[in-house]
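Dear colleague,

I am handing over a structure for your review. It is shown directly below, and my findings follow it.

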Amino acid sequence: MTRGFQTADDLITRILAGDRASCEELVRDNYAAVYGFVTHMTSDREMAADITQDTFRAAWQELGKFDGRASIASWLHRIAYNRFIDVYRKQHRDRCLQENLQIEYSRNDDATPPCATSRKETSDYLCDAVKQLPHDQRTIVYLHYFEGLSLRETAMVVGQAVGTVKWRLSAALSRLRSIVDAESVQ
């Protein structure tokens, strides 16, 4: 895609040296593709524009770390995907926590947690219960339910096998049930 230069490394070198034309070329050659990709993921043009701008802002900050193992286009798409995931997680954190943990709690008992009369109170109640978990269990619950990572992604983050993460998540949910049950007796 780099029309005026021989290689991506040459383009990056010129950008790092302050060549404004090279910066414009990088944006011109990649903006539409990144924006289209993000628009496809979000189905929201305004959000896609914001994420695309954030993608290029992040790329400028990390340009010195571009190692050439991937094309510039692939590298920008990866940054855009990560930015999309960040936005998605922020938007869905409360809903994910409330729905998923409430479902897990409900499997044990059809009642809502004690003293929880609204969805917000239920979410707050479950957040407080999660804080009582041991660190390793809390981390896995946070990554899976709060951040929305798959079990495989969670396993990659914590450096454990997927089976171990499943086991720890199951233990965490059992512990949450115990915490909620104990508090309902009080």
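I begin with Arg83, which counts as partly exposed because its relative accessibility is 24%; here buried means under 20% relative accessible area, exposed over 50%, and partly exposed in between, with a 1.4 Å probe and protein chains only. This is a predicted model, in which local features need pLDDT of at least 70, side-chain atom pairs count only at pLDDT 80 or more, and totals for chains, interfaces and linings use all residues. Residues are numbered from 1 along each chain as its sequence is written, and side-chain values use heavy atoms, with hydrogens and water left out.

Overall architecture

The protein chain has eight helices and zero strands. Helices (H or I, at least four residues) and strands (E, at least two) are DSSP runs, numbered from the N terminus. Along the sequence, the pattern reads α-α-α-α-α-α-α-α. Of the 186 residues in the protein chain, 37% are buried.

Salt bridges

Six salt bridges are present in the structure. A salt bridge is a side-chain nitrogen of Lys or Arg within 4 Å of a carboxyl oxygen of Asp or Glu. In general, side chains of opposite charge can pair when their charged atoms come close.

One of these bridges joins Arg83 to Asp54, at 3.5 Å from N to O. Arg83 lies in helix H4 (residues 72-108) and Asp54 in helix H3, so this pair ties together parts that are 29 residues apart in sequence.

Asp54 also forms a salt bridge with Arg57, where the closest N and O atoms are 3.0 Å apart. Both of these residues belong to helix H3 (residues 45-62), and they are three residues apart, about one turn of the helix. An α-helix has 3.6 residues a turn, so residues three or four places apart point the same way. Arg57 counts as partly exposed because its relative accessibility is 45%, and Asp54 is likewise partly exposed, at 28%.

Another salt bridge is found between Arg168 and Asp136, with an N to O distance of 2.2 Å. This pair links distant parts of the chain, since Arg168 is in helix H8 (residues 162-185) and Asp136 in helix H6 (residues 135-146), 32 residues apart. Asp136 has a relative accessible area of 33% and is therefore partly exposed. Elsewhere, salt bridges that share partners join Asp54, Arg57, Arg83 and Asp86 into one network.

The buried residues of H3 are Met47, Ala48, Ile51, Thr52, Thr55, Phe56, Ala58 and Ala59. At the start of the helix, a side-chain oxygen of Asp44 comes to within 3.0 Å of the backbone nitrogen of Glu46.

Helix H2 (residues 20-42) packs with H3 at an angle of about 140°, the axes being 9 Å apart. That angle makes H2 oblique to H3. Axes are lines fitted to C-alpha atoms, for helices over the stretch in contact, and angles run from 0 to 180 degrees between N-to-C directions. Angles under 35 degrees count as roughly parallel, over 145 as roughly antiparallel, 65 to 115 as roughly perpendicular and the rest as oblique. The crossing of H2 and H3 is right-handed; a crossing is left-handed if the near helix is turned anticlockwise from the far one by less than a right angle, and right-handed if clockwise.

Ser43 sits in the loop between H2 and H3. Ser43 has a positive phi of about 55°, although it is not a glycine. With a relative accessible area of 67%, Ser43 is exposed.

In the loop between H3 and H4 lies Phe66, which is buried at a relative accessible area of 10%. Phe66 and Ile12 are 54 residues apart in sequence, and their C-alpha atoms are 8.1 Å apart in space.

Helices H6 and H7

The buried residues in H6 include Gln137, Ile140, Val141 and Leu143. Just after H6, Gly148 adopts a positive phi of about 75°. H6 packs with helix H7 (residues 151-158) at an angle of about 135°, with the axes 9 Å apart. This makes H6 oblique to H7, and the crossing of the two helices is right-handed.

Yours sincerely

Notes: Polar contact = N/O pair within 3.5 Å; in protein donor to acceptor, adjacent residues only side chain to side chain.
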